[in-house]
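Here is a short report on one protein chain. Keep the sequence and the 3D view open as you read.

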Amino acid sequence: MIHLSYLIRFVEEDAPFGDVTSEAVIPEELNAKAVIIAKQEGIIAGVEEVKALFEHFGVKVEVRKRDGEAVKRGDVLLELEGNARAILLVERTALNVMGRMSGIATEVRKLVGKAKAINPRIRVAGTRKTLLKPIDKRAILIGGGEPHRFSLSDAVLIKDNHLALVPLEEAIRRAKAFSVYTVVEVEVETLEDAIKAARAGADVVMLDNMKPGEIAEVLEALKREGLRERVKIEVSGGITPGNITEYAKLDIDVISLGYLTHSVRNFDVSLDIVGRL
């Protein structure tokens, strides 16, 4: 689960000086019962995070659907009992967290299913193209995808701007010498650089913004040179739900998509007060 302190910051941002509407309108000691309901079909995520948030503010929570479960419109996800003001204070943050995480998890599950139906050993991964990494990376995992590296500290990924300053082979040599425990991945855009990277000892070669036909040529060249089994092949750039199956047909290991987080559609959930206690 995401650390509670990270989640509480969203509530503090939403109500820096309290919830003035609830404080003005709702009696301080009034208790209420509420439910959080799915308004569409999909994969639910963020249940544990929302449960922890409400419990932090003294609200009792009964979980009806677990993270990663398929849900349909109208399903009750959580039942809440507690101070009415506390429920309303957390409401919007809880729905935002669950809506975003479920939107990502739902799309990941669809794309993983599409890709694995063609290539059962392939993995679908996200990228770092998000400012909400704890939320988005966990949602990807719940959906059945790979989070990729969480931060710049996690793994070596040599990109075009690194290579604008240091030659490819030297960059790989330096990275391998830096630590024997760190995976070294290199982003390349041509067949020639893919061969160079594999020969230089890269652990992962990312083929960036290549069409399926170009990737097939790279794979054949790596096989001819006896290099294919020495590296993992990741493809990225321009991959969408509409063309992911064309890439999954290839002899690759990972498909990574920034689309999973930078183009997410929020999953529709609502919180309804169902009575006073």
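A salt bridge is a side-chain nitrogen of Lys or Arg within 4 Å of a carboxyl oxygen of Asp or Glu. K72 and D75 meet this rule through their side chains, at 3.3 Å from N to O.

This is a predicted model, in which local features need pLDDT of at least 70 and side-chain atom pairs count only at pLDDT 80 or more, while totals for chains, interfaces and linings use all residues. Residues are numbered from 1 along each chain as its sequence is written, and side-chain values use heavy atoms, with hydrogens and water left out.

## Salt bridges

By this rule the count comes to 19 salt bridges.

| Pair | Distance |
|---|---|
| R100 and D136 | 2.8 Å |
| E79 and R64 | 3.1 Å |
| K72 and D75 | 3.3 Å |
| R228 and D251 | 3.4 Å |

How exposed are these residues? The scale is relative accessible area: buried is under 20%, exposed is over 50%, and partly exposed is in between (1.4 Å probe, protein chains only). D75 is buried, because its relative accessible area is 10%. E79, at 24%, counts as partly exposed. R64 is partly exposed as well, at 43%.

Now place the pairs on the chain. Helices (H or I, at least four residues) and strands (E, at least two) are DSSP runs, numbered from the N terminus. E79 sits in strand β5 (residues 76-83), and R64 in the loop between β3 (60-63) and β4 (70-71). The pair therefore ties together parts that are 15 residues apart in sequence.

R228 and D251 also link two loops. R228 lies between α9 (212-224) and β10, and D251 between α10 (244-248) and β11 (254-256). So this pair ties together parts 23 residues apart in sequence. R228 is buried, with a relative accessible area of 6%. D251 is partly exposed, at 26%. Both belong to one network: salt bridges that share partners join R121, E220, K223, R228, D251 and D253.

## A buried charge without a salt bridge

Which charged residue is buried yet has no salt bridge? That residue is E234. For charge, Lys and Arg count as positive and Asp and Glu as negative; His and the chain ends are not counted. The nearest side chain of opposite charge to E234 is K159, 8.5 Å away.

E234 is in strand β10 (residues 232-236). Its side chain makes a polar contact with the side chain of S256, at 2.6 Å. A polar contact is a pair of N or O atoms within 3.5 Å; within protein, one must be able to donate a hydrogen and the other to accept it, and residues adjacent in sequence count only if both atoms are side-chain atoms.

Plain contact is a wider rule: heavy atoms within 4.5 Å. Leaving aside neighbours within four places in sequence, E234 is in contact with several residues, including H148, E185, M206 and S256.

## Two domains

The chain is divided into domain 1 (4-105 + 264-276) and domain 2 (110-263). These bounds come from an automatic or database domain assignment. The C-alpha centres of the two domains lie 36 Å apart. The contact between them takes 16 residues from domain 1 and 15 residues from domain 2.

How much area is buried between domain 1 and domain 2? The figure is about 1,200 Å², and carbon and sulfur atoms give 65% of that. Buried area is the accessible area (1.4 Å probe) that two parts lose on being put together, summed over both. Y6, R100 and I104 supply 42% of the area that domain 1 buries against domain 2, more than any other three residues.

The rule finds three salt bridges across the interface. Between the domains there are four residue pairs in polar contact, both at pLDDT 80 or more. On the side of domain 1 that touches domain 2, α1 (4-14), α3 (47-56) and α4 (84-118) each supply at least two residues. Helix α4 gives the most to that side, with five residues.

Helix α1 has buried residues as well: Y6, L7, I8 and V11. They pack against α3, α4 and α5 (133-143).
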